[in-house]
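Student: Could you walk me through this one while I have it on screen? I'll jump around a bit.
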Amino acid sequence: MDTKKNQDNAMKETEKKKELMMFLSGSEEKEHFLSSANRKILSDPLNDDNPITVQVLGICSALAITVQLKPAIVMSLAVVFVMAFSNVIISLLRNSIPGRIRIIVQLVVVAAMVILVDQILKAYAYDVSKQLSIFIGLIITNCIIMGRLEAFALGNGPYKSLLDGIGNAAGYGLILIIIAFFRELLGSGKLLGYEVLGHKGLTLADSTGLYALGYEDNGFFLLSPMALIVVGVIIWVQRSRNRKLIEEN
Amino acid sequence: MDKNGNAYTFIFAIAMVIVVGVALSFTATQLKPLQDENVRQEKMQNILSTFVGEKINVEGEEKELTRDVASEVYGEFVSEEISLDNKGNVKKDVDAFKVNLAKELSKPNDERTYPLYVANYGEDKFYIVPLRGSGLWGPIWGYIALKDDINTIKGVVFDHAGETAGLGAEITTDWFMERFTDEVIYDADGSLIGVAVVKGYSGGTDKSDNAVDAISGATITGDGVSDMIQNILKNYEPYFKELKKSDKVAIR
């Protein structure tokens, strides 16, 4: 009798474990933490499924905050944080969220995360928070976050969602940083605030570096349209290197 | 319970709002003292930096003017905090440091309180006026330090809430703020006109023309800076006149 009870208990326990596994990873099979499928979730958004250049999401903030490199980098980090956490939270709640208000629930979670980040930065990293000013609040409106919550976190376990969140935010950040690099370099001749092309004085004689040869900054790069053109060039380069992204006709 | 039923949806929504609301208000109230302290220290740092720049000389020792240092030594250098109305009368019962200029500016002009800070650094005396105005996207503010002739600018500090990075936000950079050093706020006829931010400025290093060069791509923010300086300073004019009449000020 006892052995049978024990067996029953053991069976129940494995069942429970399986259920938990199912809940956490969204698949029945036991997977290695960085199995090839999981690695793909993390790395796909960097190239084949990039949120900006392939899915064309999050263009708005790619225009707004890529004038300089530093805010672009900090913005990318903040998006990684918000996206990873909101993906995990939505994924944990995915079986209890009522279908009809799921978008509202997602919005509330993202907004709460963003406010939390903002408040904590204001208290413990005041200078960073000043540097970012309104950009932190703007993360709420970033379509990539809602897109990934809706498309991925609602149907997958928390661990996979975490990877998906980090991957997509990194893919977004990568493009942001590339755009900001060109815009700051060509628009104001600086990188991270350092005058890498030399110093522009009032006259040619006062100038050093490229400016002494008569080089001028292209002020057009400071305006948003140039960000779109840079995105276009990035998409062009990416597709010429990665042929499977090209549509059939 | 039916997960798509009305009852469940309502219960879920209510529970979610309560949980999120409690969590956020708890964090906000917990962090509020820290945040307020940061803002207070930054105000002291801004006031001090208008006349000392980035490094402060405390009893012969050069120190980086960080927020911590600023709040420590603020009392040593800022000797008076005066609350004024727009007629130049001193309001004795108002703590100038606690005056919120944004709130004051929303009142009718004759009910406003204008703070003025008087500081001594080395041999020199400075008058520091807090500024506030509007840029392109939101408020801009700052401090302006006048030398004891109440005409020449010792230094300025600007800040903003949401000007465009790389364009309007450049008003907070050192190279822009340095342009104001040694400019004068009275014109040749002796009327207070402040310092204008001018597009296509051709004055070079002329310090007596009440104008500095603008930032390309930041015309509206630049105009906001000009207006801010003029609109705020003119409310101090009656008090400045009194000061100049008395022996306290060396008239040039």
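Student: What covers the buried residues of H8(A)?
Tutor: The cover includes helix H2 (36–43), helix H4 (69–93), H5 and helix H9 (158–188) of chain A, where cover is judged by contact, meaning heavy atoms within 4.5 Å, and helices are DSSP runs of H or I, at least four residues long and numbered from the N terminus. Bear in mind that this is a predicted model, in which local features need pLDDT of at least 70 and side-chain atom pairs count only at pLDDT 80 or more, while totals for chains, interfaces and linings use all residues. Residues are numbered from 1 along each chain as its sequence is written, chains are lettered from A in the order in which they are written, and side-chain values use heavy atoms, with hydrogens and water left out.

Student: Which residues of helix H8 of chain A are buried?
Tutor: In helix H8 (residues 143–153) they are A:Ile144, A:Ile145, A:Met146, A:Arg148, A:Leu149, A:Phe152 and A:Ala153; buried here means under 20% relative accessible area, exposed means over 50%, and partly exposed is in between, with a 1.4 Å probe and protein chains only.

Student: And what caps the N-terminal end of H8(A)?
Tutor: A:Asn142 does, with a side-chain oxygen 3.0 Å from the backbone nitrogen of A:Ile144.

Student: Switching to chain B, where does B:Val225 lie?
Tutor: B:Val225 is part of helix H5 (residues 219–233) of chain B, and it counts as buried because its relative accessibility is 0%. Apart from neighbours within four places in sequence, B:Val225 contacts B:Ile140, B:Phe158, B:Ile171, B:Phe180 and B:Val197.

Student: Is B:Thr219 buried, exposed or partly exposed?
Tutor: Partly exposed, because B:Thr219 has 29% relative accessibility. B:Thr219 also lies in helix H5 of chain B, and an unreviewed UniProt entry lists this residue for "modified residue: FMN phosphoryl threonine", although such annotations may be inferred rather than shown by experiment.

Student: OK, the interface now: how many residues of chain A are in contact with chain B?
Tutor: 28 residues of chain A are in contact with 28 residues of chain B, and the count of salt bridges between them is zero, a salt bridge being a side-chain nitrogen of Lys or Arg within 4 Å of a carboxyl oxygen of Asp or Glu.

Student: Which helix gives the most to chain A's side?
Tutor: H5(A) does, with 10 residues on the side of chain A that touches chain B.

How values were computed: Helices (H or I, at least four residues) and strands (E, at least two) are DSSP runs, numbered from the N terminus. A polar contact is a pair of N or O atoms within 3.5 Å; within protein, one must be able to donate a hydrogen and the other to accept it, and residues adjacent in sequence count only if both atoms are side-chain atoms.
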